[in-house]
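Trainee: I have a chain open and would like to go through it with you. Can we start with the overall picture and then pick a couple of residues?

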Amino acid sequence: MPDSSGPLIGGLADGGQEQSQQLIQAAIDAALHSLPEGESTGVCTVCGEAIEAGRLELIPGASDCADCAQKASRPLPLSNSN
Ligand SMILES: [Zn+2]
């Protein structure tokens, strides 16, 4: 008579998933804390234009407008030397 006690897989992945969840949370926390803090003047320090209200809601301490931030984060296209 076969002994059907079921597969014993419990305990193999013990804690592994929980640990990666903590790593993800730590990464999120680090990203949040890397954001500029404090109050923004509401004016872009790069071009002097008013920073979008929606951007200030996302990043309260934003010191540049979305346009300038995008330009700053995106590498300038290399000028082709023809
Ligand atoms: Zn700007």
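Mentor: We will go from the fold to two residues, and keep in mind that this is a predicted model.

Trainee: What secondary structure does the chain have?

Mentor: The chain has three helices and zero strands, and the pattern along the sequence is α-α-α.

Trainee: How many of the 82 residues count as buried, as a percentage?

Mentor: The buried share is 6% of the 82 residues.

Trainee: And what about contacts between residues at least 24 apart?

Mentor: Taking contacts between residues at least 6 apart in sequence, 17% join residues at least 24 apart.

Trainee: Now Asp 64. Where is it found?

Mentor: Asp 64 sits in the loop between α2 (53-58) and α3.

Trainee: Buried or exposed, and why?

Mentor: Asp 64 counts as buried because it has 21 C-beta neighbours inside 10 Å, and the cut-off for buried is 20 or more.

Trainee: Which residues does Asp 64 touch, not counting those up to four places away in sequence?

Mentor: Asp 64 touches Cys 44, Thr 45, Val 46, Ala 69 and Ala 72.

Trainee: Why does Ala 66 count as partly exposed?

Mentor: Ala 66 has 15 C-beta neighbours inside 10 Å, so it counts as partly exposed.

Trainee: Leaving aside neighbours within four places in sequence, what is Ala 66 in contact with?

Mentor: Glu 52 and Arg 55. The C-alpha atoms of Ala 66 and Ile 51 are separated by 7.2 Å, and these two residues are 15 apart along the chain.

Conventions:
Residues numbered from 1 in each chain as written. Predicted model: local features only at pLDDT ≥ 70, side-chain atom pairs only at ≥ 80, totals over all residues. Helix = DSSP H or I, 4+ residues; strand = E, 2+ residues; numbered from the N terminus. Buried ≥ 20, exposed ≤ 12 C-beta atoms within 10 Å, placed from the backbone. Contact = placed C-beta atoms within 7 Å.
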